[in-house]
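Hi everyone, thanks for making time.

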Amino acid sequence: MGPLGQYADQTEGYFMFPKLEGEIGNRMVFRGKERLVWSLNNYLGLANHPEVRKTDAEAAAKYGMAYPMGARMMSGQTDYHEQLERELAAFVSRESAYLLNYGYQGMISIINSLVDRNDVIVYDSEAHACIIDGMRLHFGKRFVYPHNNIENLETQLKRAKKMTSETGGGILVITEGVYGMSGDLGKLKEIVALKKKYPFRLLVDDAHGFGTMGPTGAGTDEYFGVQKDVDLYFGTFAKSMAGIGGFIAGEKRVIKYLMYNMRSQIFAKSLPMPMVLGALKRLELLRNQPEHREKLWNIVRALQNGLRNAGLDIGNTESPVTPVMLNGSVGEATQITFDLRENYNIFCSIVTYPVVPKGVILLRLIPTAVHTLEDVEYTIRAFKEVKEKLDGKVYTAEMAEV
Ligand SMILES: Cc1ncc(COP(=O)(O)O)c(C=O)c1O
């Protein structure tokens, strides 16, 4: 059954594949009861914004979910797809952008089409599954550096430079802008500085940073002021944009190349019109209503400061992603989560081994613009109590009975 599937019998429907019902927001229904939800990447609260809901509904009424039929290259092209690409490119200060049907599949194809057997990929050890899967299609070498370890990155770049000087290939470095589990940022400034010494191109997966980071929300590279040195910028609509799809942005000729070579886009149906018109509306709100990002960061600061002051370990997060790290077994993790859900009515995600090292329990909180300061205070109190119970051995090693 695999590393996660082995727990299917005890966890399905509760810890795994839980059903959250009702309108997307800070409070949703889980198992018939309202809970305070901290597990949705609806960072800016756009999922239920009235203008978003209206645009989605009108677009579906006008076009249905079928239009346009076929892949972009064959019969699925529209003015709106192109308009969205122009607007995305302008927003992230790039020459050009191209839509991806899903971020995940898009990333696989981006990597696959950028490199050949003579090229070397250098990547961070905590890279998201879509980056790992993209590299599985790569016939050439790939060198990993320990998470954010710039000294080791340089060692890998030295090796890569030597190798590509023999093969005649190039080097592609891949990092994330915001790491989605720990919330820490890819060291973009330091990585970019290495371009002076080593010839490489940089691809940044900014799934969690797009819309949340930087003065205008244009992403982690805007936050660090290095947009010009990030050759390819990847974003998804699945998080801040509360939609589906994604995009890749960069130099015009590179995007043109990707447009004609990304197999996941050439051989798959185009994004349906409601997703495209919906994304245009979300992008408009993201650009023109900074108050959503300000609200998000107010909640982020209150939550992270409060948790730290309460003695909880939230690691090195510099983004809205808020991990609470505890020590304990998988059994204890399920008991804590059960306690939080049933007795405190708090719903958050739980991450255990093998996603994090053995003995670590990571409870991940995703603050959003639609949370309130009361939600924050209540949650900090609850987490403090849970930590005290964990330290007092109130939870046992058995899996919680759900
Ligand atoms: C870092 C990262 N990259 C890529 C993706 C995939 O994006 P999508 O949900 O659009 O397929 C995610 C989403 O979970 C992500 O967190």
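Okay, overall size to begin with. For 402 residues, a compact globule would have a radius of gyration near 21 Å, and this protein comes out at 22 Å, so the two agree. That radius is taken over C-alpha atoms, and the globule rule is 2.2 Å times the number of residues to the power 0.38.

A word on where this comes from: it's a predicted model, where local features need pLDDT of at least 70 and side-chain atom pairs count only at pLDDT 80 or more, while totals for chains, interfaces and linings use all residues. Residues are numbered from 1 along each chain as its sequence is written, and side-chain values use heavy atoms, leaving out hydrogens and water.

The C-alpha atoms fill a box of roughly 60 × 55 × 40 Å along the principal axes. Inside, you've got 15 helices and 14 strands; those are DSSP runs, H or I with at least four residues for helices, E with at least two for strands, numbered from the N terminus. Buried residues make up 54% of the 402, where buried means under 20% relative accessible area and exposed over 50%, partly exposed in between, with a 1.4 Å probe and protein chains only.

Now let's zoom in on α10, residues 252–259. Here Val254, Ile255 and Leu258 are buried. Looking down the axis of α10, its buried residues fall within an arc of 95 degrees, so they line one face of the helix; the arc is that of the directions from the helix axis to the C-beta atoms. Lys252 and Arg253, on the other side of α10, are exposed.

And what do the buried residues of α10 pack against? That would be β4 (96–100), α5 (103–114), β9 (232–236) and β10 (246–250), with contact meaning heavy atoms within 4.5 Å.
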